[in-house]
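User: I would like a close look at one part of this model. Please keep the description to what can be computed from the atoms.

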Amino acid sequence: MTCERRYYLCSLTNVEQVAQTIREHWAIENKQHWILDVQFGEDNHRIRKDASAANLGLVRRTALNLLQQDTSNKISIQAVVDLSYREKILFGKSDGAT
């Protein structure tokens, strides 16, 4: 177990509200990074040339945002391996569309 401290300088006086806002921010950040790493394998990629890493990161985050916006059903991020689902998300094609 580790303990880290963060110090913030601000004029806000409601310490509990500030702490809750900070925790919510990091929960979102941690969830996104976990999905990008575990589901998209971001840490396993060793792309370093020019802006390739930044470009691929942008593509991954865009794909993640598209998947999270799909409210048609609760398909896991792992369902991205299904070509018909990918086409639906990326191009708006439904099953059977040509």
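Analyst: The model is a predicted one. Ile47 sits in the loop that runs between helix 1 and helix 2. Its relative accessibility is 31%, so Ile47 counts as partly exposed, given that the class lies between under 20% for buried and over 50% for exposed. Apart from neighbours within four places in sequence, Ile47 is in contact with Ser52, Ala53 and Leu56.

The axes of helix 1 and helix 2 come within 11 Å and cross at roughly 110 degrees. Helix 1 and helix 2 are therefore roughly perpendicular, as angles of 65 to 115 degrees fall in that class. On the side of helix 1 the contact is made by Gln32, Ile35 and Leu36, and on the side of helix 2 by Arg60, Arg61, Leu64 and Gln68. Sorted by class, these are three nonpolar, two polar and two charged residues.

Leaving out neighbours within four places in sequence, Arg60 is in contact with Leu36, Phe40, Glu42 and His45.

Leu36 and Phe40 also belong to the largest nonpolar core, whose seven residues are Ile35, Leu36, Phe40, Leu64, Leu67, Tyr85 and Ile89. Helix 1 (15-39), helix 2 (52-69) and helix 3 (83-91) each supply at least two residues of this core.

Notes: Residues are numbered from 1 along each chain as its sequence is written. This is a predicted model: local features need pLDDT of at least 70, side-chain atom pairs count only at pLDDT 80 or more; totals for chains, interfaces and linings use all residues. Side-chain values use heavy atoms; hydrogens and water are left out. A nonpolar core is a set of buried Ala, Val, Leu, Ile, Met, Phe, Trp, Tyr and Cys residues joined through side-chain atoms within 4.5 Å. Buried means under 20% relative accessible area, exposed over 50%, partly exposed in between (1.4 Å probe, protein chains only). Helices (H or I, at least four residues) and strands (E, at least two) are DSSP runs, numbered from the N terminus. Axes are lines fitted to C-alpha atoms, for helices over the stretch in contact, and angles run from 0 to 180 degrees between N-to-C directions. Angles under 35 degrees count as roughly parallel, over 145 as roughly antiparallel, 65 to 115 as roughly perpendicular and the rest as oblique. Contact means heavy atoms within 4.5 Å. Ala, Val, Leu, Ile, Met, Phe, Trp, Tyr, Cys and Pro count as nonpolar, Asp, Glu, Lys and Arg as charged, and the others, Gly among them, as polar.
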